[in-house]
Amino acid sequence: MELTLQQLKQYDGTNPSKPIYLAMKGRIFDVTTGKSFYGPGGDYAMFAGKDASRALAKMSKDEDDVVGSLHGLSDKEMGVLNDWEKKFEAKYPIVGRVAS
């Protein structure tokens with residue numbers, strides 16, 4: 001499955017009949033099983049339905065960082081993002097890609 005960023009927004013947890021998706025480095029993860037974190041009211045709800053690559057790399061919950069751009073990230077931040085990616089791969093299924 002391939003979704004645009006606009007289509008991805010539909011999977012932000014606000015519609016209980018749809019799964020919750022989060023994208024990282026262009027890949028879409030189904031994080032529905034983590035809805036207490038990513039669903040409405042969850043600590044990481046601002047990442048749901050979006051590409052959260054930059055925010056995860058920077059360990060940021062700033063809305064401006066919840067984007068897919070990796071431009072200008074330090075080696076340390078890329079390492080943090082890679083660690084997040086490994087955790088997600090172990091915990092959540094990959095269901096598609098973000099259309100470029």
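## Basis and conventions

Contact here means heavy atoms within 4.5 Å. The model is predicted, so that local features need pLDDT of at least 70 and side-chain atom pairs count only at pLDDT 80 or more, while totals for chains, interfaces and linings use all residues. Residues are numbered from 1 along each chain as its sequence is written, and side-chain values use heavy atoms, with hydrogens and water left out.

Helices (H or I, at least four residues) and strands (E, at least two) are DSSP runs, numbered from the N terminus, and two strands pair if DSSP finds at least two bridges between them. Strand β2 (residues 21-24) pairs with β3 in the antiparallel sense over 4 bridges, and Y21 has D30 in β3 as its bridge partner. These two strands, β2 and β3, form a hairpin with 2 residues between them, and K25 in the turn has a positive phi of about 50°. Strand β4 (residues 94-98) also pairs with β3 in the antiparallel sense, over 3 bridges, with G96 in β4 standing opposite I28.

In a regular strand the side chains alternate between the two faces of the sheet. In strand β3 (residues 27-30), R27 and F29 point one way, whereas I28 and D30 point the other way, and all are buried; buried means under 20% relative accessible area, exposed over 50%, and partly exposed in between (1.4 Å probe, protein chains only).

## Salt bridges around E85

A salt bridge is a side-chain nitrogen of Lys or Arg within 4 Å of a carboxyl oxygen of Asp or Glu, and by this rule the count comes to 5 salt bridges. One of them joins the side chains of K25 and E85 (2.8 Å, N to O). Because K25 lies in the loop between β2 and β3 and E85 in helix α4 (residues 75-91), this pair ties together parts that are 60 residues apart in sequence. K25 is partly exposed, with a relative accessible area of 29%, whereas E85 is buried, with a relative accessible area of 13%.

R27 also forms a salt bridge with E85, the closest N and O atoms being 2.9 Å apart. Since R27 lies in strand β3 and E85 in helix α4, the pair ties together parts that are 58 residues apart in sequence. K25, R27, E85 and E89 are linked in a network of salt bridges, and, not counting residues up to four places away in sequence, E85 touches M24, K25 and R27.

## The K58–D65 pair

K58 forms a salt bridge with D65, with the closest N and O atoms 3.9 Å apart. In this pair K58 is partly exposed, at a relative accessible area of 35%, and D65 is buried, at 12%.

## Aromatic rings and charges over them

Rings of Phe, Tyr and Trp (its six-membered ring) pair if their centres lie within 6.5 Å, and planes under 30 degrees apart count as stacked, over 60 as edge-to-face and the rest as tilted. The structure holds 9 aromatic pairs. The rings of Y38 and Y44 have their centres 6.2 Å apart and their planes at 40°, so this pair is tilted. The pair of F88 and Y92 is tilted because the planes are at 55°, with ring centres 5.3 Å apart; F88 is buried, with a relative accessible area of 2%, and Y92 is buried as well, at 6%. Ring pairs link F29, F37, Y38, Y44, F47, W84, F88 and Y92 into a cluster.

A charge sits over a ring if NZ of Lys or CZ of Arg is within 6 Å of the ring centre and within 35 degrees of the ring normal. The charged end of K61 sits over the ring of Y44, 4.8 Å from its centre, and that of K87 sits over the ring of W84, 5.2 Å from its centre.
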